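Work through the exercises below with the sequence and the model open. Try each task before reading its solution.

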Amino acid sequence: MQNQRQQKNLISRLQTFPITSPTRVMEVCGTHTVAIHRQGIHHLLPPGVRLVSGPGCPVCVTPGNYIDEALFLARNGSIITTFGDLIRVPGHDGSLQTARSQGCDIRIVYSPLEAIQIAEKTEHDTVFLAVGFETTIPAIAATIMKAREKQIRRFSILTALRLVPPALLALLSGSSRIDGFLLPGHVSTIIGLEGYSILNRFQIPGVMSGFTPGDIISSLVLLLEIITKKRHDIVNNYRRAVRDQGNPLSRRLYKTVFQPEDACWRGIGVLPNSGLRLREEYRDFDARSRHSLPTSSTEDHPGCRCGEVLSGMIDPPQCELHGTICTPETPVGPCMVSTEGSCQAWYRFG
Amino acid sequence: MCLAVPMKILQIQGDTALAEVNGVSREIGLQLLPDTKVNDWVIIHAGFAIAKLDEQEAQESLSLFRDGGYLDQ
């Protein structure tokens, strides 16, 4: 009862929050985007506040030619292991789902550890599609270490790992104005407060948030309080899971296995030091070193505006393809493919 | 994709544990959170425990509002 009352209080506090100038807040994380739209939290904002989606959906920012590389491996006899999110993303010539229907061996796994269990039991080359942000990167690094310890020879990963802070830096250096960030809760469990030091440089506040409606609403109220007080604090509002220092062991572990590299974000472009590749001593596990993969350039549909959606420049309905030729059943852009893409969240929940 | 679920640790063997939530149990890796103990609640992502969950600290979020002078109730 007390919780319900607190929640009602928070909702009314959000709805009636006094705003003196137009305010743009970005939710960085795709899981937040879905929760916000599913619960209708974006309808609770006070006049003058806009909530825009950011680039925090790993599937959405994975370049199309990555899917082409995975398809090439699948069609040349490798077993492809992947998180389910990637399977419907279209490349130049179909998706992993269509390749599977054509007889390729593509298996959805819940953990990269399952991929090495598969590799242990087969004579075939096994590739794990290593896509994800800081939440997922340590798990993949730990898996690589396990594969090395167990001397699994037929296992490699195809990397498209991306780091959140360089994307925030790019957004803040670009033309879209953002007054504050709702920061991704589970990325924060790894990178902690220090991971967002870039925001201090731009004097932009941020609130790390959990994923329940109460978490998100309270984080938005807190963020608006900070913005209107013209402060630029980074606040941990997901204390039941996030330590201020993050998970330093996870960071050390992934830095042992991976090194930063410039990387392409679909719809946004190449951002310096925003991706990771395996260090030289782990290169045996690099699918690109073990196989000669074709380089391709996948052109996005000329009308697709996912890039602007991912940088918070437009809302999905402003794209002419949205809901017309681009739907979850026949997605044109990556933000409609992914269940965590903002186009799909807008389409399904409004 | 950064979705993660809370689970309770039932058994630990080396760097592997059996974790359970709502009657569903799963083998998970403890490499990223090696000080995990039986009966701890942890957040699981991609088959690994990534953070210890503290229910009591949920309440601290609200205290934080008050302490920071952001809420006056």
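This is a predicted model: local features need pLDDT of at least 70, side-chain atom pairs count only at pLDDT 80 or more; totals for chains, interfaces and linings use all residues.

Residues are numbered from 1 along each chain as its sequence is written, with chains lettered from A and ligands numbered from 1 in the order in which they are written.

**Exercise 1.** Describe the fold of chain B and the confidence in it.

Step 1. List the elements (DSSP runs numbered from the N terminus: helices are H or I with at least four residues, strands are E with at least two). Chain B has one helix and five strands, in the sequence order β-β-β-β-β-α.

Step 2. Check the pLDDT (the predictor's confidence in each residue, from 0 to 100). The average for chain B is 81, and 74% of its residues score at least 70.

**Exercise 2.** Find which residues of helix 6 (residues 112-120) of chain A are buried, and what they pack against.

Step 1. Apply the burial test (20 or more other C-beta atoms within 10 Å of the residue's own, with C-beta atoms placed from the backbone). Pro112(A), Leu113(A), Ala115(A), Ile116(A) and Ala119(A) are buried.

Step 2. Look down the axis of helix 6 of chain A: these residues fall within an arc of 155°, so they line one face of the helix. The arc is that of the directions from the helix axis to the C-beta atoms.

Step 3. Identify the partners by contact (C-beta atoms, placed from the backbone, within 7 Å). They include helix 7 (137-149) of chain A and strand 3 (24-29) of chain B.

**Exercise 3.** Determine how helix 2 (residues 30-39) and helix 16 (residues 342-349) of chain A pack.

Step 1. Take the axes (lines fitted to C-alpha atoms over the stretch in contact, with angles from 0 to 180 degrees between N-to-C directions). The angle is about 10° and the axes are 9 Å apart.

Step 2. Classify the angle: helix 2 and helix 16 of chain A are therefore roughly parallel (under 35 degrees).

Step 3. Name the residues. Thr33(A), Val34(A), His37(A) and Arg38(A) meet Ser342(A), Ala345(A), Trp346(A) and Phe349(A).

**Exercise 4.** State how many residues each chain gives to the contact between chain A and chain B.

Step 1. Chain A gives 38 residues and chain B gives 25.

Step 2. Helix 9 (185-191) of chain A gives the most to the side of chain A that touches chain B, with four residues.

Step 3. The predictor gives the complex an ipTM of 0.91 and a pTM of 0.92.

Notes
A residue is buried if 20 or more other C-beta atoms lie within 10 Å of its own, exposed if 12 or fewer, and partly exposed in between; C-beta atoms are placed from the backbone. Two residues are in contact if their C-beta atoms, placed from the backbone, lie within 7 Å. Angles under 35 degrees count as roughly parallel, over 145 as roughly antiparallel, 65 to 115 as roughly perpendicular and the rest as oblique.
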